Every structure is written in structure tokens, then in C-alpha cells.
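User: I'd like to learn how to read a helical model feature by feature. Can you walk me through this one?

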Amino acid sequence: MIEQRDPPKVPRFTGARPLVLAGGVAALVGLVVLVVGFVVAPSRTFAAYLTAFSAFAAIGLGALAFLLITHAMGAKWPIVVRRQTEALATSLFLLALIFVPLLFGLDELYLWSRVDEVELPHHVALAIEKKRAYLDGRFFVVRSVIFFALWLIPLGLLLAWSRRLDSEASLLLKTRSRLLASAFLPFVGLALTFAAFDWLMSLQPDWYSSMFGVYYFASGFLPAIAAITLMTERLEHSGWLGRLLNDSHYYALGRLLFAFVVFWAYITFFQFFIIWMANKPEEVSWYIPRFASPWAGLAIFLVFAHFVVPFLLLLPYRRKRQPRPLALIGAWILVVHYLHVHWIVIPSFPDAAPIHWVDFGALLFVGGAVIAFVSWRLQGRFLFPAADPDLIRALEYRSV
């Protein structure tokens, strides 16, 4: 135990009820739509469900990665957004349950799961046969359990130790958190990579990209930072953060947003560029439907909406210090993130309608449930770890 200056008094957050109620109602409406969809259009409904799940899982995993990285680094300023980061990461507990229905739709989603029931082009059947030991339904389930275990075990421990830092100023807890995060980061990254292979890349089993795991990580880390920024600005605007943050904290978040807008563009472009340059039929097969009608328009839109617009908006120095513009940019990134995942998933199904009413049902169900759960996790909590020995330094953070 150590002595420290008394931290500023911050009330417990008690404003979650409207968000929990709104999220719960949205989830209930979405569930009704999904039930109807599973009856009348099961294949398209499973595709929409996978899209919504993958979009929100990417955000949860991005938040978990950010939480682990900041603990491993011993970074100080992220302490002021730790509660928001933890709440987003805890959505993975809920998403583990939301994932379960997908296990009953493997035959609807994945060609490799029903290869004996459909007539496939020779090269697709050959690719599946070569990967048969890996593309197996039972092994798929086992791997998914391992993925969630590798994510939820360190997350659960970090959350338990973080809660103790509300009342116990312990350097031992911080050391434990740093060692645990450092040890689990490689395994969390590997699990994320192979989850991307399993859940998304194997939708077209004849296609592969060694960059796809990084691509999925980049697609999740950016909206995770955007969500943290949006949550922080809304909480401060409502008075729950006691106006203890300064423009340097927002500048730190703005720099991350800017950096990972560029990182996403870099990974996305070079995956495309390397495949385009090689021009191998087994590699370009993923891009052909996504750059053909009716998906070409969305592909062009993503170039501008996911990169050009946020890049130009975040480029000015002063913009990255302004809470409201950063929050609006964060909200824009979150919307575009879902459209990006939609562009990744739905074209894998040649006969699927680009836009279907079940898409809205899946988005309402998963999104509403996640918003309600994340808000509920924040209810009654201090929005800063009140006894963290480094809290004062985090609040006094300044950057030029």
C-alpha cells in the first residue's frame, strides 16, 4: 500500500438507465425481426447476423487490445479513459453468447460445411479438400471456444483488479496487470487473427490472405478508439467526468484516431495491391464480386468515407484538441465501420440481396444488446479508478 494525494471527487455514474432501456428495446425489436428472418430467409438472416456480430466483435477486440497495450506499456494518460475502454471490452462476454446461434448456421454460412450437398467448381472443391483437416465443424467450434477463452480470461482478471483500484491504492495490482497484459497480448493477437480466418475469410474457402488477421484488427481498433472518444465526450458533456479532462487528453485520442485511419488505409491498400500485382485467379476471387455491381459503389464510398474524409478532418492540429468535432468524427467512423464489415461479408453470398430488411434486424439486436450491456456495466461505477496511484499524473497529463 502507498500514500498518495487525494484524487478529485468524482461521482459514481448513474445515468445508464435510459441507454439500457433504449438498447433493450432495440434488441427486442431486432430479435423479433431475426426470428421472422430465420423462418422465411435463413441463409440471408445468418449472413446479416454474422455481419452485425463481426462488426461489434471487432470493436470489443479493439478495446481489449487497447486495454492490454496500455497496461503493458504502463501508460498514464489512458487511465482517464480506462472505464470506457473496460466497458467496451466487456461486450465480449455478451458477444460470446451472441455468437452461439451462428454455430447452428454453419451449413447456411460456409461452403466447406456442406461440401457434400452442393456441386462446387473444381478449384473450390479442391481447395476445401486440401484444408479439410482445418475446415471441420467440430474443430471450428473448439477453436472458437479457445478464442473466447484467450480473450475473456485476461479481461476478467484485469476487470477484477481494476475494480479493487477503486478503493485500494496498490502498486502490486498495477504490476500484476502489467505482467498479465504483456503475457497475454501475443495470444490475444493470434486468437484474433485465426478468428478472422475462421469467421470471415473462410466464407470463401478457395481464397486466402496472410494479411487478413491484421486487416480485421485494423478494422476493429480504429472504431474502438472512435467509440472510446465518443463515450468520453458524451460523459464529459453530461457532467459525469467532473470536467477533469483537458484538451491534451482529447489530443491523445485524436492522434490515435488519425494514426489508425492511416494504418487501416495502409493495410487495406497493400492487401489489395499485393493481390492485384500478383494477379492470381485464386487470390483475386475475393475482390472480383466486391468491385463488381452492385458493390462497386460501396467500395468507392469506403475509400472516401473510411480514409479520405476522416484523414482530412483529423489532419489539423487544433481539430484533434476539440471534443465535439472528435466525437462527431468518431460517430462517423462507427457508421462506416459497419458498412465496411457489410462489404466484407455479404458479397461472399452470390445470390444475397445487397440490402435486406434482416440487416436492420441484426443490427438492432446485436447493437442494442451491446449498448445496453456496456451501459449497464458502467452503472454505479466510478468513471476513474479512484485509488489508482497514477491517477493524479493521468489527470495532469499535458502534451504540446
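User: Which residues in the largest nonpolar core touch the most other members?

Analyst: Keep in mind that this is a predicted model. The general idea first: in soluble globular proteins, nonpolar side chains tend to be buried together. Here the largest nonpolar core has 133 residues, and Trp151, Trp199 and Phe212 touch the most other members. Helix α2 (residues 42-73) supplies the largest share of this core, 20 residues.

User: Let's move to α12. How many Å should helix α12 span, and how far apart are its end C-alpha atoms?

Analyst: Count 1.5 Å a residue: the 19 residues of α12 (residues 296-314) should span 27 Å, and the end C-alpha atoms are 26 Å apart, which agrees.

User: Where in α12 does the kink lie?

Analyst: The kink is at Val308, about 30°, shortly before the proline Pro310.

User: Which residues of α12 are buried, and what covers them?

Analyst: A helix has a pattern you can look for: an α-helix has 3.6 residues a turn, so residues three or four places apart point the same way. In α12, the buried residues are Leu298, Ala299, Leu302, Ala305, His306, Pro310 and Leu314. The cover over the buried residues of α12 includes α8 (212-237), α9 (247-278), α11 (287-290) and α13 (323-345).

User: How do the axes of α9 and α12 cross?

Analyst: Two packed helices are described by the angle between their axes and the distance between the axes. For α9 and α12, the axes come within 10 Å and cross at roughly 145°. The contact uses Gly254, Leu257, Phe258, Val261, Val262, Trp264 and Ala265 from α9, which meet Leu302, His306, Phe307, Pro310, Phe311 and Leu314 from α12. The crossing of α9 past α12 is left-handed.

User: Now the loop between α13 and α14 (357-378), where Ala352 is found. Is Ala352 buried or exposed?

Analyst: Buried means under 20% relative accessible area, so Ala352 counts as buried at 17%. Leaving aside neighbours within four places in sequence, Ala352 is in contact with Arg44 and Ile346.

Conventions:
Residues are numbered from 1 along each chain as its sequence is written. This is a predicted model: local features need pLDDT of at least 70, side-chain atom pairs count only at pLDDT 80 or more; totals for chains, interfaces and linings use all residues. Side-chain values use heavy atoms; hydrogens and water are left out. Helices (H or I, at least four residues) and strands (E, at least two) are DSSP runs, numbered from the N terminus. The expected span of a helix is 1.5 Å times one less than its number of residues. The bend at a residue is the angle between axes fitted to the seven residues ending there and the seven starting there. Buried means under 20% relative accessible area, exposed over 50%, partly exposed in between (1.4 Å probe, protein chains only). Contact means heavy atoms within 4.5 Å. A nonpolar core is a set of buried Ala, Val, Leu, Ile, Met, Phe, Trp, Tyr and Cys residues joined through side-chain atoms within 4.5 Å. Axes are lines fitted to C-alpha atoms, for helices over the stretch in contact, and angles run from 0 to 180 degrees between N-to-C directions. A crossing is left-handed if the near helix is turned anticlockwise from the far one by less than a right angle, and right-handed if clockwise.
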